[in-house]
Structure formats: C-alpha cells, structure tokens
Amino acid sequence: MNIEDITSPAPKFNAEPWQMGSLISGDIKEDSIVLIFCSDYRGASKELETDWSSFRAYFYQLAKNDWEIPMVDIGEVILGKTVEDTRFVIEELISFFLYKNCIPVFIGGSLDLIKPEIFSLNFHQKNLEWSHVGAQINFSTQEENITADNVLFKIFTDKRLSIKNFHFLGYQQHLNNTATLKLLENVDFNCLRLAELMGNAHRAEPYFRKSDFVSIDCNAVESNGTPFSVEPQVNGFNNREICALMKEAGLSQHLKAVGIFNFSHQGNANMQLLAQMIWYLTDGINIRKSHPKEQSFETYQVLIDDKTYTFKREV
C-alpha cells in the first residue's frame with residue numbers, strides 16, 4: 001500500500017528534544033503508535049472544513065517523558081468521492097498497520113467511520129472485546145444506508161462480525177431508550193452510567209483491561225461554551241475525567257486500535273483537550289509496554305489417593 005496516495009502528509013513542526021514533536025516522525029516502523037486523521041462527517045449529514053495544524057501545534061509541544069515507543073503521524077485521509085470510498089480506505093489503512101503490529105489511533109470523522117475499524121480488527125482477530133465511551137446509543141433501523149445514528153445497530157446485527165464483549169461506558173440515561181439498554185444487558189454486555197464513572201475513572205479499568213478496541217464518541221464529553229462534539233451535550237465527562245479514561249484505555253494489555261469520533265474542530269481549547277487526551281493515551285500505552293504482560297491461568301484440582309493436587313495452565 002502506498003500511504004502517500006491516500007493521505008495528505010502532516011506538516012513539519014519544530015520541537016525541542018524533550019517535546020513530543022521530537023518523538024514523532026512520518027516513517028512507519030513496526031510496533032509504533034500511528035496517528036490517522038480524518039474529516040469526513042458525511043455520515044452525520046455534516047460538511048466541516050477542518051484543519052489539524054492547531055492540534056499538532058499543541059500536541060507536538062507536550063512533554064515526551066522517557067517514552068520509547070515510536071510514534072508516527074501519517075497525516076489526514078484524503079476524502080473519497082463518497083463516504084463509502086472513505087470507509088474502504090480506512091479499513092485498508094487500519095489493516096495495514098495491524099499487520100505491522102502498530103496501534104492505529106484514528107481521530108476525527110463521524111461515528112459511522114467506526115465500522116471500517118471494527119471490520120479491519122475482526123479480519124485480524126475474532127471474538128473482539130470492545131469498549132465504547134459515549135453518551136448515547138441508537139439502535140435506529142429506519143435508514144438502510146449506514147449513518148452515524150444507526151452504525152452500532154448495523155455492527156451488532158452483521159453476522160460477519162464476531163464481538164465477544166461490548167462495554168458501553170458513560171451513557172446518560174435520559175438520552176437512551178430503556179429497551180435498548182435492557183437488550184444490551186440481556187446479551188451480557190456491560191452498561192455503566194456517567195454517574196458511576198464521574199470522578200472514578202478507575203472503575204472503567206476492568207472493562208478496558210482486555211479490550212482490543214476502544215472507541216470514544218466525543219458526545220461523552222461535556223460541552224460548555226464551544227461544543228466539543230458535533231453532537232454536543234451539556235452533561236458528560238469533564239476534561240480531567242476523559243483524560244483519566246484515556247490513560248486507563250492505554251493500559252489495556254490487549255489494545256490494538258483506538259478511534260475518536262464526532263470531534264468538533266471549533267476553538268483552540270478543544271484542540272488542546274484533544275491533544276492532552278492523546279497524550280494520556282500514549283502515556284498509558286508506554287507504561288503498559290514497560291511492564292510485564294499480565295498472565296492468565298486456568299486452575300485444575302485433581303484428587304489422587306486422597307490427596308488434592310493443583311495444576312495451573314496459562315491461557
């Protein structure tokens with residue numbers, strides 16, 4: 001795959017040796033964290049002119065600490081003639097980086113662009129563990145075409161996909177159909193209300209711990225003044241809480257991809273918050289990589305001549 005044919009390269013920014021900009025390159029290496037930007041909001045019936053340079057101005061100047069994992073900024077996905085074309089390109093991109101054992105971090109676009117990430121992950125691995133941070137889940141069936149409103153319904157009803165567990169984190173009860181939440185719980189999926197996680201990001205750790213994919217709908221973040229999401233909500237996680245959740249997500253031993261959707265480009269404060277969210281995600285990934293991998297065991301007890309012997313097998 002020729003990345004230059006389907007992306008607009010990231011501009012160069014000057015950075016001090018201690019800053020993120022000195023860690024980031026355009027050279028794709030295995031085992032990297034890869035930033036992929038996109039501005040296709042047609043799935044939400046919106047057309048937004050976007051510029052990611054202010055994000056980079058904030059992000060590249062943050063401290064890189066003692067991190068050793070390479071980081072790549074491949075720039076912005078060139079929009080296809082149709083949104084279906086864009087989805088196809090995203091699916092191929094995600095798959096390309098998964099083959100290189102990279103962690104693709106997809107940023108921007110409407111929520112329907114979650115579908116190509118899921119399909120690409122499902123191609124590489126079955127029985128996915130998926131954590132989704134969002135205020136609302138919509139199982140709308142009115143539209144035949146995939147949209148930001150019905151994409152989750154389309155994913156859950158697609159027989160080609162193998163999703164073992166789904167964790168819906170931070171939902172707001174007044175925005176959701178009770179029947180939909182009961183349906184999720186009836187199939188043993190987990191739903192945690194916003195109130196259960198406010199000030200308690202560590203409560204999300206058991207769900208993030210084994211997640212292969214973490215998605216963030218920016219409507220989960222409160223919008224005061226300038227909207228943080230293209231579908232803004234007055235209630236939601238505050239700035240500190242969403243950053244804490246991003247760090248918890250990065251600590252997952254199984255994390256293979258991340259997606260951040262419905263981001264609003266209005267205002268420098270939003271870009272600054274998004275930059276810090278990615279920073280805390282990166283911090284979690286680096287901490288996880290520097291620690292021994294979590295091991296899981298199955299325990300067997302065997303009775304032989306009135307004595308019990310215990311055996312453990314790594315799974």
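Tutor: Start with Met 271. Leaving aside residues up to four places away in sequence, Met 271 touches Asp 51, Trp 52, Ser 54, Phe 55, Tyr 58, Phe 263 and His 265. This is a predicted model, so read each contact as a feature of the prediction. Met 271 belongs to helix H9, which covers residues 268–289. Its relative accessible area is 1%, so Met 271 is buried; the cut-off for buried is under 20%. Met 271 and Arg 56 lie 215 residues apart in sequence, yet their C-alpha atoms are 8.6 Å apart.

Of the contacts in the protein with a separation of 6 or more, 76% are between residues 24 or more positions apart. Buried residues make up 51% of the 315 residues. The protein has nine helices and 12 strands. Its radius of gyration is 20 Å, close to the 20 Å of the globule rule for 315 residues, so the protein is as compact as a globular protein of that length. The C-alpha trace spans about 75 × 50 × 40 Å along its principal axes.

Now the strands. Take S6, residues 128–133. Six of its six residues are buried. In a regular strand, side chains alternate between the two faces of the sheet. Both faces of S6 are covered. Leu 128, Trp 130 and His 132 are buried on one side. Glu 129, Ser 131 and Val 133 are buried on the other.

S6 has paired neighbours. One is S7, residues 163–171, which pairs with S6 in the parallel sense over six bridges. Within that pairing, Val 133 has Leu 169 of S7 as its bridge partner. Another is S9, residues 213–217, which runs parallel to S6 and is joined to it by four bridges. There, Trp 130 stands opposite Phe 213.

His 167 stands opposite Asn 190 of S8.

H3 runs over residues 114–124, and nine of its 11 residues are buried, so H3 is largely enclosed by the rest of the structure. The buried residues of H3 are Ile 114, Lys 115, Pro 116, Glu 117, Ile 118, Phe 119, Ser 120, Leu 121 and Asn 122. An α-helix has 3.6 residues a turn, so residues three or four places apart point the same way. The cover over the buried residues of H3 includes strands S5, S6, S9 and S10 and helices H2 and H4.

Thr 147 sits in the loop between S6 and H4, and H4 spans 151–156. Its relative accessibility is 16%, so Thr 147 counts as buried. Not counting residues up to four places away in sequence, Thr 147 touches Gly 43 and Asp 112.

The accessible surface comes to about 15400 Å², and 46% of it belongs to carbon and sulfur atoms. The protein carries 29 positive and 41 negative charges, whose mean positions are 4 Å apart.

Definitions and conventions: Residues are numbered from 1 along each chain as its sequence is written. This is a predicted model: local features need pLDDT of at least 70, side-chain atom pairs count only at pLDDT 80 or more; totals for chains, interfaces and linings use all residues. Side-chain values use heavy atoms; hydrogens and water are left out. Buried means under 20% relative accessible area, exposed over 50%, partly exposed in between (1.4 Å probe, protein chains only). Helices (H or I, at least four residues) and strands (E, at least two) are DSSP runs, numbered from the N terminus. Two strands pair if DSSP finds at least two bridges between them. The radius of gyration is taken over C-alpha atoms; the globule rule is 2.2 Å times the number of residues to the power 0.38. Contact means heavy atoms within 4.5 Å. Accessible areas come from the Shrake-Rupley method with a 1.4 Å probe; for residues, only the protein chains shown count as cover. Lys and Arg count as positive and Asp and Glu as negative; His and the chain ends are not counted. The place of a charge is taken as NZ of Lys, CZ of Arg, CG of Asp or CD of Glu.
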